[in-house]
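Welcome! Please load the model in your viewer, get your selection tool ready, and follow along stop by stop.

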Amino acid sequence: MRYLILTLILCFTHLTYANPAVFNKAAGGVVAIFGEKSLGSGAVISKNGHIITNWHVLEGQENIEVFFANDKYFDNPKKIRILKHDKERDLALIQLVHAPRNIQYISISKKLPKVGAEVHAIGHPDGELWSYTKGYVSAHRKNYSAYMSEESNSEGSASNFKGDVFQMQTPIYSGNSGGPLLNNHGNLIGINTFFNIENPAMSFAVTNTEIIRFLLD
């Protein structure tokens with residue numbers, strides 16, 4: 001198993017859709033996840049308030065609150081329940097205790113993007129809420145293994161990642177963890193998870209096929 005020292009990113013065509021259209025379509029389905037130790041992102045995937053995110057966004061935290069982009073002044077936090085998680089694939093499924101009416105959600109694509117395809121990320125890098133970035137898929141890595149060192153883990157413990165990922169050069173930073181990677185239609189194709197600490201231009205997202213397997217397990 002190859003090991004890379006990677007850092008967790010706690011703390012986002014001819015064109016079918018122009019970049020503003022992708023952001024405008026999906027931003028309402030992106031949440032900010034606040035814990036007592038960190039800020040992360042999440043993607044709403046159902047009208048019942050199910051949210052997919054990274055497990056490391058939630059792990060070891062007791063008081064977790066979720067906010068939407070239209071939560072003015074952040075005075076209306078949403079409570080969540082954790083339904084399931086997979087530490088190795090760094091995925092977690094949570095659900096809002098009380099889902100808002102007319103909640104916006106992001107559909108999960110069943111198609112894998114091709115190498116070279118444009119991809120889009122929305123998240124909260126370094127606390128800059130609902131930020132947009134764009135890039136390209138560099139590779140599709142199956143059964144990818146990575147070692148996340150104690151220095152890169154907000155919980156102060158080393159962990160191993162293994163799963164299918166997209167390698168990309170889409171810029172992602174602390175705060176993008178758990179946020180959606182989107183195709184040109186604004187559909188979910190991955191969850192932004194980590195980048196190579198020795199080469200931050202190499203970022204990684206858990207693939208939509210891995211997400212679907214996790215949800216069906």
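Predicted model: local features only at pLDDT ≥ 70, side-chain atom pairs only at ≥ 80, totals over all residues.

Residues are numbered from 1 along each chain as its sequence is written, and side-chain values use heavy atoms, with hydrogens and water left out.

**Stop 1: paired strands.** Select residues 39–44 and 50–53, which are strands β3 and β4; they run antiparallel and are joined by 2 bridges. Strands here are DSSP runs of E, at least two residues long, numbered from the N terminus, and two strands pair if DSSP finds at least two bridges between them. Zoom in on Val-44, and you will find its bridge partner, Ile-51, in β4. The hairpin has 5 residues between the strands, and there Gly-49 takes a positive phi near 85 degrees.

**Stop 2: nonpolar cores.** A nonpolar core is a set of buried Ala, Val, Leu, Ile, Met, Phe, Trp, Tyr and Cys residues joined through side-chain atoms within 4.5 Å; buried means under 20% relative accessible area, with a 1.4 Å probe and protein chains only. The largest core has 26 residues, and Ile-52 is one of those that touch the most other members. Strand β12 (residues 188–196) gives the most to this core, with 3 residues. Another core, of 15 residues, lies apart from it and includes Val-44 and Trp-55.

**Stop 3: a pocket.** Select Gly-28, Phe-68, Lys-78 and Arg-101, which are among the residues lining the second largest pocket. On a 1 Å grid over the protein atoms alone, a pocket is an open set of points where a 1.4 Å probe fits, with protein on both sides within 12 Å along at least five of seven lines; lining residues have an atom within 4 Å of a point. What is the volume of the second largest pocket? About 170 Å³.

**Stop 4: two positive phi values.** Most residues other than glycine have a negative phi. Select Asp-126, whose phi is near 55 degrees, in the loop between β8 and β9. Then try Asn-143, with a phi near 50 degrees, in strand β9. Asn-143 is exposed (over 50% relative accessible area), at 54%.

Key. Helix = DSSP H or I, 4+ residues; strand = E, 2+ residues; numbered from the N terminus. Points joined across faces, edges and corners; volume = space filled by probe spheres on them.
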